[in-house]
Amino acid sequence: MGLLLLFSLAEAACVITQAYCLARAITNLWEGGALPDQFTLIAIFAACFFGRQVLLFIRDSFLARFAHERSSELREELLEGVFGAKTNLVNAHGTAAVSQAALEGVDLVETYLALILPKIIGVVAIPLPVFIAALRLDWISAVILLMFYPVIIFYMIMLGRQASARAAAQYETYNALSNHFVDTLRGIETLAVFGQSKSYGKRIFKVSEDFRGATINTLKTATLSGAVLDLFATLGVAAVSIMLGFRLISGSILLFPALMVLVLSPEFFKPIREFAGDFHASLDGKNALANITRMIASKQEEHGEVEITPWDENSRLAFKEVDYSYARADNESGELIAALEQINFSAEGFAKVGIVGTSGSGKSTLVNLLGGFAQASGGTIEVNGVQTQSLQQESWQKQLLYIPQDPYIFHASLRDNICFYSPDASEDAIAHAVEVCGLGELVAELPEGLDTIIGEGGRGLSGGQAQRIAFARALLDPARKVLLFDEPTAHLDIETEFELKERMLPLMEGKLVFFATHRLHWLSAMDHILVLEHGRIVEQGSLEDLLAAQGKLIELARAMNGGDVA
Amino acid sequence: MSEPKGSFSPKTLFGFLPENDAWVRPYFGLYRKELLQALVLGVAMFAFAALLMFTSGYLISRCAERLDGGIFVVLTPVAFVQVFGLGKPILRYIERLVSHDWVFRMTSDLRLRLYGALESQAMQLKSTHRLGDFLGLIAEDIGHLQNLYLRTIFPIVIGWVLLLVVALFFGIFDLLFGLAILVVLLIVAVILPMLSVQFNAARIECEKARKNELYANLTDNLLGSTDWVFAGRGKDYLKQAKQESEARHEQAAALDAYYRKNDLASMALLTFGAVIVFVWAGHHFGGSGLPRADWIAAFVLGFFPLIEAFMPMTAAATQANVYRDSVARLNAYPRVSDEVLDVDTKALGSMSAVRFTLNDLMNQVESTPVEEVQVPLSVTEGATKLAQEGKTVGIEIDKVSFAHLGGHKVLNELSLSIAPGEKVAILGRSGSGKSTLASLIRGDLQCSTGSIRIDGTEVEQLAGHVHEYIGVVQQNAYLFNRTLRDNLRIGREDATDEEIWAAIDAVELTDMVKRLPKGLDTMVDEAGMRFSGGERHRIALARVLLSRVGCILLDEPTVGLDPITESALLDTLFKIAANKSLVMITHHLQDIERFDRVIFIEGGAIEMDGSPTELMQTNERFRALRSFDFGLAV
């Protein structure tokens with residue numbers, strides 16, 4: 001900051017010197033002096049005039065580096081919140097918002113820092129020396145300049161504030177419009193099957209034209225602030241020059257001071273005008289900075305980090321009266337909704353735990369607690385003797401393999417996708433995993449085999465193929481002793497499911513398995529079954545026990561199969 | 001695309017645009033009057049700024065002569081000072097409005113045509129575009145094109161016109177001096193910008209490529225962030241992201257440094273220009289006494305405000321390189337004509353038929369919840385009536401084969417006859433060709449050989465009208481982020497609220513919709529996440545009902561639903577489809593007994609075909625699958 005101030009003061013010195021030389025040389029010529037006698041003055045003027053640009057050059061080089069460093073830090077901090085073990089920004093804000101913030105947002109901040117910082121300082125550090133110089137030359141002009149200055153500041157703040165509110169509203173409208181366009185494009189297939197896609201084009205045009213009208217109306221007032229500012233600044237110069245004219249005629253001032261004041265007066269207003277111009281333009285940057293800072297601040301609060309020892313056949317995990325409730329996103333009252341209540345169960349060694357229930361019974365929430373994606377709001381979770389409220393623990397998650405309904409397939413080669421959890425896997429191990437998980441057919445089909453780029457934009461995969469890749473990931477990383485399945489076969493056709501089941505069962509040997517599903521045939525492979533209903537465990541035990549009990553599980557099976565329990 | 005395809009001529013903006021550009025050049029012709037206004041205002045604005053200092057300099061010098069006439073001698077210059085002083089900001093204000101208005105007009109037209117171009121390939125869009133590409137297209141290309149005009153084309157054209165005006169003005173006094181100024185300004189306003197465009201093209205291209213890479217990778221990896229965290233490799237990715245971001249910064253920083261050096265060079269030239277003006281004015285007007293010497297101050301001071309116009313030109317011109325991709329990408333799509341779009345973009349009056357407005361868009365977001373959602377009384381009768389509308393049609397599939405461009409044969413001489421009113425379930429593994437069959441029936445794909453007839457007419461002949469016969473429920477039926485009413489009206493644009501409620505009732509959502517805070521006016525959250533899977537499918541069914549078709553085609557509608565929800569959905573489906581043909585592509589055997597007929601497709605041909613009871617008795621494989629699907633104990 002101090003350095004920037006120095007730069008601005010040096011700039012002001014250049015401005016004053018160049019004005020002096022210019023005015024002096026013109027006056028000399030006007031008074032009939034010979035041109036060659038003025039060359040020294042002209043040379044000094046040129047040196048100052050150019051020197052100012054040199055100063056800017058040095059200052060901007062320095063600032064560019066500063067802005068980059070600061071914005072890089074922001075981006076890192078933000079991504080830390082996503083990819084760091086302790087946080088889950090993406091869950092809280094959504095992928096689109098986070099990537100928008102990390103990319104365009106950070107870029108806007110960088111521009112903001114590089115552009116605005118020197119201008120804010122310029123607003124103070126340049127007009128002041130210029131004003132002092134003018135005061136010494138001609139106090140009346142200096143007073144005129146000074147009189148205009150607060151008016152300009154006043155307008156800048158007044159209209160700037162209005163404009164910023166308007167710009168924010170406008171930004172929102174523009175976003176709504178963009179989203180409408182993107183939304184329409186995303187659903188274009190749906191529109192097409194209803195024969196509506198043509199008429200939606202007209203909508204896009206209509207809304208866009210409406211937006212033009214609205215924006216121009218907004219601009220009329222929003223840019224008015226800029227215009228008024230401009231007007232006052234130019235009127236300031238005009239007033240100075242006319243007042244000088246009158247006093248020159250009456251002989252109360254000489255040409256030299258008059259000219260120098262005239263040359264200085266635009267420089268007096270220049271910093272504030274430039275700042276005002278960028279003030280509007282950089283609102284986006286400011287918004288982005290606020291947005292990113294808010295996001296970073298919203299990183300989940302730290303919870304106690306505990307060390308969970310590696311899972312083995314003697315390990316024990318227990319949920320004791322665990323509750324989970326959340327506030328709905330659109331709920332202003334902050335009223336909490338209970339998703340899980342009084343969950344009690346335990347699992348020991350390499351048990352296989354089936355979790356069943358209807359949609360909305362809390363299966364996925366329970367899986368989220370087990371995976372550490374969510375934090376219990378009440379009760380305790382005990383793992384290997386350690387008590388915690390959250391399994392969002394690095395030492396737990398690194399033992400865990402999570403296989404959701406739609407495993408994410410990266411835009412990368414098939415090989416990199418398979419080796420995601422074990423980047424150092426050997427060729428043999430990969431070949432084995434491909435074989436065991438039934439990916440051989442896919443590898444043979446792909447033009448470049450394992451090195452073919454798959455994922456979004458690459459080669460599209462079917463749900464079954466994605467699941468196989470997820471299993472291959474699990475297979476390649478045998479050190480992970482806890483497997484967490486969230487309806488892994490819900491998307492599969494029955495024959496694929498049949499085949500995959502045969503391949504998956506051996507994978508589960510020697511592991512602690514949690515398997516949430518509504519496909520009841522899996523239950524015969526489970527040691528212990530939790531039946532969930534409305535967020536509570538209504539029945540638990542081995543399949544034999546539950547079948548014998550003729551209780552909730554049988555009830556569920558009847559409902560699912562339309563009364564038919566085979 | 002490092003080398004522009006266009007020739008080096010003004011027509012292609014000196015090689016910037018492709019020869020057959022369809023997205024930038026046409027707009028120069030459109031709304032020509034407004035465009036011209038914007039440019040003239042821009043030139044006048046800078047001219048006024050220069051003239052203000054020019055007249056001020058003259059005024060002061062003239063006053064200093066202390067003439068006898070007193071104030072009256074300088075009345076004219078005083079008046080001019082006032083005119084230019086007031087005029088400049090006003091011109092600037094109007095110029096901004098006019099240029100923005102023009103650019104927004106252009107944008108509306110651009111959006112419309114871009115949509116039109118994409119719409120013509122709607123059904124292939126998903127498979128050929130990454131979602132990220134879409135966002136890129138929208139946020140970047142349209143925005144870029146706006147900027148191309150506002151930040152490159154306008155300032156440059158204005159700068160060049162101003163250059164000529166200034167050189168001409170000086171030339172009137174002294175030809176040689178005019179030429180000297182012309183040379184200096186030509187270097188600053190034409191040569192330096194052009195050099196920079198040439199020199200930085202590759203750099204900007206590279207920066208942009210790196211930026212896109214960063215963007216695509218980051219989005220991809222954010223979607224898979226859970227895996228990074230679980231793999232314990234989060235730090236690896238942070239490192240990778242940092243590298244990518246630094247690689248991009250390298251280019252950006254180099255570009256910035258170039259600009260700074262260029263500015264230094266421009267300023268050196270302009271300083272030289274100022275010195276020339278000074279020396280010339282001193283030489284030309286000095287030494288010969290008053291009042292000629294009054295002009296010295298005028299010329300010298302008048303020159304400085306012009307710098308503001310010329311300095312930013314290099315950056316403005318170079319910036320065009322950023323938009324090169326956008327222009328090229330847009331040019332990959334044909335420019336859709338007004339006839340195809342069926343609108344006259346020049347006459348806004350023609351849009352009055354479109355009832356949807358920006359206010360609707362914004363108000364819907366902000367509308368307030370209602371006390372109680374009102375449901376029309378006759379809703380049940382309406383629902384029954386709605387379910388009976390539409391002519392029940394049959395589908396004849398005759399020896400249809402289909403192969404992808406690569407030659408991979410998906411369907412092989414498949415024949416199938418679906419009688420009007422018949423309920424058919426089509427099963428098969430993924431890749432067996434069942435989805436392809438659905439696309440062929442809808443006419444989104446054309447059979448390689450064989451034919452498909454709907455109600456006796458070849459599908460090709462029904463082009464654009466298939467939706468009048470067949471209602472489609474897709475696997476992931478899209479819900480737009482609009483109100484529920486808007487989403488349902490996709491089925492039929494002019495559906496009344498009564499009809500919409502009838503459709504809602506038919507799909508048994510009345511209670512759910514009644515509970516929504518704003519009833520039919522409730523916004524569907526992004527990608528329809530407000531509703532559960534089952535509800536979304538019901539909404540999709542309601543759409544189909546509203547479109548009054550006689551055949552419903554469902555493409556794996558129950559994927560991801562739990563069996564209870566699925567069973568209930570099928571209940572509803574069979575209720576509303578009592579008088580319709582039903583073709584359901586499915587992946588398992590839930591409620592299979594409800595169907596008249598079950599067809600298994602394997603390897604592009606029919607492998608099993610029969611009623612469920614028949615298959616249960618005669619087909620071993622069907623029996624095995626059926627028991628696997630339903631089995632609790634094995």
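Trainee: How many helices and strands does chain A have?

Mentor: This is a predicted model, where local features need pLDDT of at least 70, side-chain atom pairs count only at pLDDT 80 or more, and totals for chains, interfaces and linings use all residues. Residues are numbered from 1 along each chain as its sequence is written, while chains are lettered from A and ligands numbered from 1 in the order in which they are written. Helices (H or I, at least four residues) and strands (E, at least two) are DSSP runs, numbered from the N terminus. On that basis, chain A has 19 helices and twelve strands.

Trainee: Why is chain A said to be more spread out than a compact globule?

Mentor: Look at the radius of gyration, taken over C-alpha atoms, next to the globule rule, 2.2 Å times the number of residues to the power 0.38. For 566 residues the rule gives 24 Å, and chain A is well over that, so it counts as more spread out, with a radius of gyration of 35 Å.

Trainee: How far apart do the C-alpha centres of domain 1 and domain 3 of chain A lie?

Mentor: Domain bounds here come from an automatic or database domain assignment. Domain 1 of chain A covers 2-297 and domain 3 covers 409-477. Their C-alpha centres are separated by 52 Å.

Trainee: Which helix of chain B gives the most to the side that touches chain A?

Mentor: Residues are in contact if their C-beta atoms, placed from the backbone, lie within 7 Å. The contact takes 140 residues from chain B and 135 residues from chain A. With 23 residues on the chain B side, the top giver is helix 3 (residues 75-119).

How values were computed. Contact = placed C-beta atoms within 7 Å.
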